[in-house]
Amino acid sequence: MRSLLITGGSGFIGGNFVHYWTQKYPADHVVVLDALTYAGNLATLGKLCEEGRACFVHGDITDVGLVQNIFEQHGVDTVVHFAAETHVDRSIVDSSAFVRTNVLGTQVLLDAARRSWFVDGNWRDSVRFHHISTDEVYGALGPTDPPFTELTPYSPSSPYAASKAGADHLVRAYAHTYGLPITISNCSNNYGPYQFPEKLVPLMIVNALHGRALPIYGDGLQIRDWLHVEDHCVAIDRIIHANVTGETFNIGGRSEHRNIDIVRMICALIDARFADDTFLSTRFPRCPAARGVSTATLMTHVADRPGHDRRYAIDPSRIAKKLAFEPTQTLATGLRHTVDWYLAQDGWWTAVLDGSYRSVSD
């Protein structure tokens with residue numbers, strides 16, 4: 001039985017991972033630490049805490065005393081570190097929160113793990129610090145460049161990517177200097193349930209249902225590799241349970257697509273759902289599909305953001321070969337599942353957007 005500390009477990013990927021882990025390993029003790037910033041919401045955890053399947057701690061990963069107390073009180077032997085500021089646009093406006101959370105917060109967690117797990121000159125058995133990172137640390141690719149591998153040199157382009165690169169380097173430094181048992185995964189663009197509606201996929205779905213413009217940066221030809229969040233959770237599980245301490249794995253969806261095509265696919269899926277279910281027109285009357293008009297009419301090109309990387313692509317062959325991981329969702333099936341989830345869970349994203357689920361009572 002493990003005792004996991006899952007940082008950022010009320011956010012998008014972390015929240016999905018908490019649901020995944022508590023369902024697959026119900027005997028494990030799971031502690032969720034989350035600061036409940038704008039993108040973290042208690043509603044993402046549902047009833048897991050009141051049912052005793054997870055323990056929630058409201059706090060910041062930069063709080064040294066709090067983090068150390070969690071390790072001691074809960075006997076943490078596994079850290080799965082999702083907590084991070086992640087939105088590139090916000091990092092361009094103000095990078096301070098990104099450096100504080102992504103770099104300093106990671107250092108606080110690493111120190112707590114080192115103090116708790118290195119006992120009498122030896123590392124405790126079966127401990128692991130798994131750090132979640134991003135493909136953006138590698139920089140950008142040209143149209144014909146081969147995808148990123150684990151050996152691709154770091155070349156971050158945004159303050160967000162630079163802060164994640166700094167965290168990656170810290171994690172590796174603690175492994176090299178102290179022998180801390182770590183693993184790192186760098187993932188491609190995730191999508192799926194519980195994603196805050198500022199990222200491309202949920203923003204397009206929510207805006208479409210409200211009848212708002214679907215903003216597309218520049219020409220929309222930026223290419224990303226897309227990974228369904230549930231596949232990502234499976235990959236992390238494989239890494240944590242494998243004897244791969246000190247190693248890094250790229251996790252991708254083998255699914256490169258242009259942003260503009262992603263938006264078109266979402267519009268087509270929404271149109272099809274409204275055509276199949278006339279009650280959706282009553283629930284979301286401002287959506288063009290409610291009037292029999294294509295949702296794609298909302299697509300609007302806007303000025304590109306500064307330093308917008310043109311292409312990211314992950315080569316996931318190493319994790320496929322070493323840990324037998326392959327994504328099960330295609331983009332078509334994953335987007336269909338995601339659109340259906342947001343159509344069914346409008347109570348979640350409506351409350352998230354107005355802030356109803358962000359606070360906790362002490």
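Colleague: What makes the largest cavity a cavity rather than a pocket, and what volume does the largest cavity have?

Modeller: In this predicted model, the largest cavity has a volume of about 60 Å³, and the word cavity applies because a 1.4 Å probe fits at its points but cannot get out. By the rule of 30 Å³ or more, the count comes to one cavity.

Colleague: Which residues line the largest cavity, and how do they divide by class?

Modeller: The lining is made by Val88, Ile92, Glu136, Ser157, Ser158, Arg305, Pro306, Gly307, His308, Asp309 and Tyr312, and these residues divide into four nonpolar, four polar and three charged. Gly307 belongs to the lining and counts as polar, because Gly is placed among the polar residues by the class rule.

Colleague: What makes the second largest pocket a pocket, and how much space lies in it?

Modeller: About 250 Å³ of space lies in the second largest pocket, and the name pocket is used because the set of points is open, with protein on both sides within 12 Å along at least five of seven lines. Of the 15 residues in its lining, Asn16, His19, Tyr20, Gln23 and Glu230 are the closest to its centre.

Colleague: Which helices supply the lining of the second largest pocket, and which gives the largest share?

Modeller: Helix H1 (12–24) and helix H7 (229–241) each supply at least two residues, and the largest share, five residues, comes from H1. By class, the lining of this pocket has seven nonpolar, five polar and three charged residues.

Colleague: How do H1 and H7 cross, and which residues meet?

Modeller: The axes of H1 and H7 come within 9 Å and cross at roughly 60 degrees, and the crossing is right-handed. On the H1 side the contact includes Asn16, Tyr20 and Trp21, and on the H7 side Val229, His232 and Asp237 are among the residues that H1 meets. The contact of H1 with H7 divides into ten nonpolar, three polar and two charged residues.

Colleague: Why are H8 and H11 called oblique to each other?

Modeller: The axes of helix H8 (residues 259–276) and helix H11 (residues 331–344) come within 10 Å and cross at roughly 55 degrees. Angles under 35 degrees count as roughly parallel and those of 65 to 115 as roughly perpendicular, and H8 and H11 are therefore oblique to each other.

Colleague: What is the hand of this crossing of H8 and H11, and which residues meet there?

Modeller: The crossing of H8 and H11 is right-handed. Ile262, Met265 and Arg273 are among the H8 residues in the contact, while the H11 residues include Leu335, Arg336 and Asp340. By class, the contact of H8 with H11 has eleven nonpolar, no polar and three charged residues.

Definitions and conventions:
Residues are numbered from 1 along each chain as its sequence is written. This is a predicted model: local features need pLDDT of at least 70, side-chain atom pairs count only at pLDDT 80 or more; totals for chains, interfaces and linings use all residues. Side-chain values use heavy atoms; hydrogens and water are left out. Axes are lines fitted to C-alpha atoms, for helices over the stretch in contact, and angles run from 0 to 180 degrees between N-to-C directions. Helices (H or I, at least four residues) and strands (E, at least two) are DSSP runs, numbered from the N terminus. Angles under 35 degrees count as roughly parallel, over 145 as roughly antiparallel, 65 to 115 as roughly perpendicular and the rest as oblique. A crossing is left-handed if the near helix is turned anticlockwise from the far one by less than a right angle, and right-handed if clockwise. Contact means heavy atoms within 4.5 Å. On a 1 Å grid over the protein atoms alone, a cavity is a set of points where a 1.4 Å probe fits but cannot get out, and a pocket is an open set with protein on both sides within 12 Å along at least five of seven lines; lining residues have an atom within 4 Å of a point. Grid points are joined across faces, edges and corners, and a volume is the space filled by probe spheres set on the points.
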